[in-house]
Amino acid sequence: MTSFVRRTSRMTEAQEKAWRAHAPRIVIDIPQVQPNGVLSPRQPLDLAQVFGREAPLVIEIGPGMGESLVALAKAHPQTNFLTFEVYRSAVGGIVVKCAQTEVDNIRVAMVDAVTGLQHLVEPGAASEFWTFFPDPWPKNRHHKRRLVDTAFASLVASRLTIDGLWRLATDWPNYADQIRGVFADHPDFLNLYGDLGGIAPRWSGRPVTRFEQRGVDEGRPIRDFTVRRIVR
Ligand SMILES: C[S@@+](CC[C@H](N)C(=O)[O-])C[C@H]1O[C@@H](n2cnc3c(N)ncnc32)[C@H](O)[C@@H]1O
């Protein structure tokens, strides 16, 4: 079961034009993606070749249209940003923003993040992970679809450097409770705000996205988490 439902939607004309011009550079060509976005086993990516340079790596899972990703990549030109996003029109939005802002340190893998991380990313490759406003799956019977659970945390831990950070945020209180529970028990992570109820201050580096604003407008509290990869 995946944390997303494959959606089909048309890209706007501007997105299609930008896609033709810039996607070959920004969107990684990945054979063996199944129609549902899941990736079959294959060789990991050669990230130095994908980015055209060696640099510290940040991985964002589910950036949507890249509202925070593109701004942060622009602000950190010395870092490589690899992102997993399954929704094609969202990837189209990222491609347009990269082109408009002349950002060249983002590469997009348009595949499921779980199988993508397993098969494309070497252990210990990333110094930081971000997961902001993952799909909330608010109905009880859908909670099993939520991305952030103990198994996913173990996968992220395996791809982080020791001492690497994972930053997360959600506007859904019971998803926040689930995330706090995952880190309370996880042997590979230390919640940096464990003594303060587990909730981090809002990361000021993170621009407010449409999803965060919708949570605020609908009266939901925004909860941030910052956890460190540790070896016990
Ligand atoms: C609610 S949106 C949040 C977008 C963005 N992070 C923000 O804060 O505005 C969640 C995004 O995660 C993507 N997503 C969900 N599960 C995914 C998965 N397993 N792999 C890759 N992307 C995923 C969805 O397609 C969607 O664009």
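Trp137 sits in the loop between β4 and α6 (150–159). In this predicted model, the phi angle of Trp137 is positive, at about 40°, although Trp137 is not a glycine. Why does that deserve a second look? Most residues other than glycine have a negative phi. Is Trp137 buried or exposed? Its relative accessibility is 15%, and buried means under 20%, so Trp137 counts as buried.

Glu102 has a positive phi as well, of about 55°, and Glu102 is not a glycine either. You can find Glu102 in the loop between α4 (88–101) and β3 (106–109). With a relative accessibility of 70%, Glu102 counts as exposed, because the cut-off for that word is over 50%.

## The chain as a whole

Now step back and look at the whole fold. The chain has eight helices and seven strands. Along the principal axes, its C-alpha atoms fill a box of roughly 50 × 40 × 35 Å.

How does the radius of gyration fit the length of the chain? A compact globule of 232 residues would have a value near 17 Å, and the chain has 17 Å, so the two agree. Of the 232 residues, 50% are buried.

## Aromatic rings that meet

Across the whole structure, a search finds eight aromatic pairs. A pair of aromatic rings is described by the distance of the centres and the angle of the planes. Take Trp130 and Trp203: their ring centres are 5.4 Å apart and their planes make an angle of 55°, which gives a tilted pair. Trp130 belongs to strand β4 (residues 126–132), while Trp203 is in the loop between β6 (189–191) and α8 (210–217). The two residues are 73 residues apart, so this pair links distant parts of the chain. Trp130 is buried, because its relative accessible area is 3% and the limit is under 20%.

Trp166 and Phe183 make another pair, this time edge-to-face, with 5.4 Å from centre to centre and 85° between the planes. Trp166 lies in strand β5 (residues 160–170) and Phe183 in helix α7 (residues 173–185), so the pair ties together parts that are 17 residues apart in sequence. Both Trp166 and Phe183 are buried.

Which residues do ring pairs link into a cluster? They are Phe81, Trp130, Phe132 and Trp203.

## Around the ligand

How many residues surround the ligand? There are 19, and the closest are Ser3, Gly62, Glu85, Ala113 and Phe132.

A backbone N or O atom of Phe132 is 2.7 Å from a ligand nitrogen atom. Asp112 places a polar side-chain atom 2.9 Å from a nitrogen atom of the ligand. In the side chain of Thr209, an N or O atom is 3.0 Å from a ligand oxygen atom. On its own, the ligand exposes 600 Å², and the protein buries 96% of that.

Notes:
Residues are numbered from 1 along each chain as its sequence is written. This is a predicted model: local features need pLDDT of at least 70, side-chain atom pairs count only at pLDDT 80 or more; totals for chains, interfaces and linings use all residues. Side-chain values use heavy atoms; hydrogens and water are left out. Rings of Phe, Tyr and Trp (its six-membered ring) pair if their centres lie within 6.5 Å; planes under 30 degrees apart count as stacked, over 60 as edge-to-face and the rest as tilted. Helices (H or I, at least four residues) and strands (E, at least two) are DSSP runs, numbered from the N terminus. Buried means under 20% relative accessible area, exposed over 50%, partly exposed in between (1.4 Å probe, protein chains only). A residue is near a molecule or strand if one of its heavy atoms lies within 4 Å of it. A polar contact is a pair of N or O atoms within 3.5 Å; within protein, one must be able to donate a hydrogen and the other to accept it, and residues adjacent in sequence count only if both atoms are side-chain atoms. Accessible areas come from the Shrake-Rupley method with a 1.4 Å probe; for residues, only the protein chains shown count as cover. The radius of gyration is taken over C-alpha atoms; the globule rule is 2.2 Å times the number of residues to the power 0.38.
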